[in-house]
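Take a walk through this fold, one side chain and one element at a time. Keep the sequence and the model side by side.

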Amino acid sequence: SLGSRAEVTAPKVARMMTRGRALIQQNHLVEGRKWLNQALAGQISGSDAKTVRREMAAVNEILIFSPRVVVGDPFVQTHVVKSGELLAKIAPAYNVPWRFLALINHIRNPKLLRIDARLKVVTGPFHVIVRKKVFRADVYLNDPTSPNGLMFVRSFPVAVGTYDSTPLGTFVVRRHSKLINPEWVNPRTGQRFAATNPNNPIGEYWIGLAGADNDTRSEERRVGKECRSRWSPD
């Protein structure tokens with residue numbers, strides 16, 4: 001157990017960072033990542049947290065985003081392809097998108113899988129915490145209710161609603177709401193941005209959300225209407 005933030009004091013955080021970095025230098029990536037993750041969950045300064053996130057992201061490029069399977073990684077398994085299997089059928093069993101499996105296994109054609117091929121799979125689901133004030137989404141693995149807590153994966157820059165319109169609360173990704181390079185119409189002004197427009201404020205990816213707690217379920221109807229009008233299936 002990582003313990004509460006209060007229990008993981010600043011001196012403990014410093015020792016965890018030192019130990020984690022030493023283990024990573026010795027190529028003990030899984031154990032080193034664990035110690036850095038514990039430090040990140042404690043009383044860590046903003047500058048140290050930024051450094052640790054960067055260091056963990058570099059380790060996760062190997063542990064998560066590469067085809068390499070490291071022994072002892074609790075979030076990784078190997079899947080042996082059976083006759084008739086496609087990535088679209090394999091991925092749901094591990095709570096991850098099929099495009100993610102194609103990415104980490106360097107699969108160019110997801111419809112052509114060799115029987116008995118060994119695929120690296122990362123067991124999801126992923127969880128995201130959006131920090132509105134700094135326009136950052138922190139991605140984690142593991143069940144939030146697990147005694148071991150969340151495992152940091154990496155951060156991504158994100159856009160949030162103008163005039164602080166993005167509500168606080170818990171959300172889930174709406175089914176068939178993920179778009180790549182979407183066009184967008186500003187609901188306030190009616191201005192249309194083409195998918196290829198570099199000034200499109202949405203950017204290259206769009207993920208639709210639905211409210212998942214008592215404070216955000218009222219948002220689900222509003223967001224759902226927008227989903228039907230602006231989003232299409234995968």
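The side chain of S66 reaches the backbone nitrogen of R68 at 3.2 Å. The S66 side chain also comes within 2.6 Å of the backbone oxygen of I62. Both are polar contacts, meaning pairs of N or O atoms within 3.5 Å; within protein, one atom must be able to donate a hydrogen and the other to accept it, and residues adjacent in sequence count only if both atoms are side-chain atoms.

This is a predicted model: local features need pLDDT of at least 70, side-chain atom pairs count only at pLDDT 80 or more, and totals for chains, interfaces and linings use all residues. Residues are numbered from 1 along each chain as its sequence is written, and side-chain values use heavy atoms, with hydrogens and water left out.

Where does S66 lie? S66 sits in the loop between helix 3 (46-63) and strand 1 (76-80). Helices (H or I, at least four residues) and strands (E, at least two) are DSSP runs, numbered from the N terminus. S66 is buried, at a relative accessible area of 15%. Buried means under 20% relative accessible area, exposed over 50%, and partly exposed in between, with a 1.4 Å probe and protein chains only. Setting aside neighbours within four places in sequence, S66 is in contact with E61, I104 and K120. Contact means heavy atoms within 4.5 Å.

The 18 residues of helix 3 should span 26 Å at 1.5 Å a residue, and the end C-alpha atoms are 25 Å apart, which agrees. The expected span is 1.5 Å times one less than the number of residues. Which residues of helix 3 are buried? They are A49, V52, R53, M56, A57, V59, N60 and L63. The cover over these buried residues includes helix 1 (10-25), helix 2, strand 1, strand 2, strand 4 (136-141) and strand 5.

Strand 2 (residues 118-122) is itself mostly covered, with four of its five residues buried. Strand 2 pairs with strand 1 in the antiparallel sense, over five bridges. Two strands pair if DSSP finds at least two bridges between them. One of the partners is L119 in strand 2, bridged to H79.

Now the charges. Side chains of opposite charge can pair when their charged atoms come close. How many salt bridges does a search of the whole structure find? The search finds six. A salt bridge is a side-chain nitrogen of Lys or Arg within 4 Å of a carboxyl oxygen of Asp or Glu.

R33 forms a salt bridge with D73, the closest N and O atoms being 3.0 Å apart. R33 lies in helix 2 (residues 29-40) and D73 in the loop between helix 3 and strand 1, so the pair ties together parts that are 40 residues apart in sequence. Both ends are covered: R33 is buried at 1% relative accessible area, and D73 is buried at 7%.

R154 forms a salt bridge with E61, with closest N and O atoms 3.5 Å apart. R154 lies in strand 5 (residues 151-157) and E61 in helix 3, so this pair ties together parts 93 residues apart in sequence. R154 is partly exposed at 26%, and E61 is partly exposed at 38%.

D138 and R136 meet in a salt bridge at 2.7 Å, N to O. D138 is buried at 1%, and R136 is buried at 19%. Salt bridges that share partners join R131, R136 and D138 into one network.
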